[in-house]
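Biologist: I am new to this one. Please show me how to read it.

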Amino acid sequence: MDDSEEIAPAVQSILDAARERGGGGDRVSVTPRSLPDAFDAAADAGRTPVVAEIKPTSPTADGERTDDPVDLAQQMVEGGAAALSVLTEPDHFGGSTATLERVREAVDVPVLRKDFILHENQLDVVEADVILLIVRFLEADGTDDLADLLTAARERGFQVLVETHTAAEVEKALDAGADIIGVNNRDLGELAVDLGTFEAVAPDVPEGVTLIAESGIQTADDVTRMRDAGADALLIGSAIMDHDAATDVEANTRRLTRANTDAVETTTTDT
Ligand SMILES: O=C(O)c1ccccc1NCC(=O)[C@H](O)[C@H](O)COP(=O)(O)O
């Protein structure tokens with residue numbers, strides 16, 4: 001992304017805040033829970049692999065959930081989530097690194113740190129199993145190089161989800177050595193969501209790369225659509241958090257992890 005590119009004001013504000021945010025102190029060293037293994041285990045158990053996202057609010061959400069994030073995390077795991085994503089961005093998403101620490105301690109599935117990391121020192125803030133690098137943001141002036149950041153993250157033990165939105169970004173992710181790629185259906189330039197994005201871009205991701213469809217997945221039909229287009233797993237926030245209605249997060253998660261599977265009905269959880 002060059003700085004003259006059209007970008008939604010909310011996203012510009014997220015980027016400005018990320019540029020300002022400092023890094024940690026001691027270098028983090030993590031022994032991660034494997035994300036691909038967690039997806040395989042969910043599929044073997046007859047569930048759609050879902051990364052359920054704890055996102056108290058966001059620039060596109062109408063409300064804010066104030067429930068204890070650890071409570072939400074446990075409900076998501078009970079509902080069959082293969083992994084969790086925790087927003088740690090404080091100013092626009094109501095997240096924190098303290099929340100991530102508490103959540104990771106409380107569950108045994110892999111936990112993604114969802115944040116806008118632009119510099120190596122921002123890796124040394126909190127342990128997580130997976131961190132996110134967004135190709136579009138790492139092309140801006142004053143950010144570290146994607147390949148260098150990927151290496152720096154792996155040296156600390158993190159798995160890395162490299163987020164893309166276009167075929168050109170997938171190529172950059174692959175050139176940098178990504179082995180877990182997300183295709184975000186949300187255009188961070190305009191904040192519009194289109195599930196056709198994943199369908200258009202997924203064929204450019206080779207076999208052997210773990211492929212995640214991100215954003216805009218609301219219904220069982222959406223789950224089927226993304227799986228049919230080649231998603232190994234789905235990253236789902238809003239439809240599970242349901243900011244307006246504050247509905248049952250466990251039921252919301254179960255509805256989506258049971259979609260597009262031949263799972264037999266169970267009376268107890270089998271997560
Ligand atoms: O969610 C937002 O409103 C948002 C706004 C600006 C930049 C990023 C944003 N979201 C980040 C995400 O990647 C999503 O939280 C994630 O993919 C889940 O999406 P959804 O299921 O649509 O909540």
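Modeller: We will go from the whole chain down to single residues.

Modeller: This is a predicted model, where local features need pLDDT of at least 70, side-chain atom pairs count only at pLDDT 80 or more, and totals for chains, interfaces and linings use all residues. Residues are numbered from 1 along each chain as its sequence is written, and side-chain values use heavy atoms, with hydrogens and water left out.

Biologist: How many helices and strands are in the protein chain?

Modeller: Helices (H or I, at least four residues) and strands (E, at least two) are DSSP runs, numbered from the N terminus. The protein chain has 11 helices and 8 strands. Its radius of gyration is 17 Å, close to the 18 Å from the globule rule for 271 residues, so the chain is as compact as a globular protein of that length. That radius is taken over C-alpha atoms, and the rule is 2.2 Å times the number of residues to the power 0.38. Along the principal axes, the C-alpha atoms fill a box of roughly 50 × 40 × 35 Å.

Biologist: What share of the residues counts as buried?

Modeller: Buried means under 20% relative accessible area, exposed over 50%, and partly exposed in between (1.4 Å probe, protein chains only). Of the 271 residues here, 53% count as buried.

Biologist: Which residues touch the most other members of the largest nonpolar core?

Modeller: In soluble globular proteins, nonpolar side chains tend to be buried together. A nonpolar core is a set of buried Ala, Val, Leu, Ile, Met, Phe, Trp, Tyr and Cys residues joined through side-chain atoms within 4.5 Å. The largest one here holds 87 residues, and M76, L84, L133 and F137 touch the most other members.

Biologist: Where is F137 found?

Modeller: F137 sits in the loop between β4 (130-134) and α6 (146-155). It counts as buried because its relative accessibility is 2%. F137 and E163 are 26 residues apart in sequence, yet their C-alpha atoms are 9.8 Å apart in space.

Biologist: Where is S215, and is it buried or exposed?

Modeller: S215 lies in the loop between β7 (210-214) and α9 (220-228). It counts as buried, at 13% relative accessibility. S215 also has a positive phi, about 75 degrees, although it is not a glycine.

Biologist: Which residues does D222 touch?

Modeller: D222 is in helix α9. Not counting residues up to four places away in sequence, D222 touches L195, G216 and I217. D222 is buried, with a relative accessible area of 15%. D222 and A259 are 37 residues apart in sequence and 9.2 Å apart in space, C-alpha to C-alpha.

Biologist: Where is N252 found?

Modeller: N252 is in helix α11 (residues 249-257). At 9% relative accessibility, N252 counts as buried. Neighbours within four places aside, N252 is in contact with A239, I240, D242 and T247.

How values were computed. Contact means heavy atoms within 4.5 Å.
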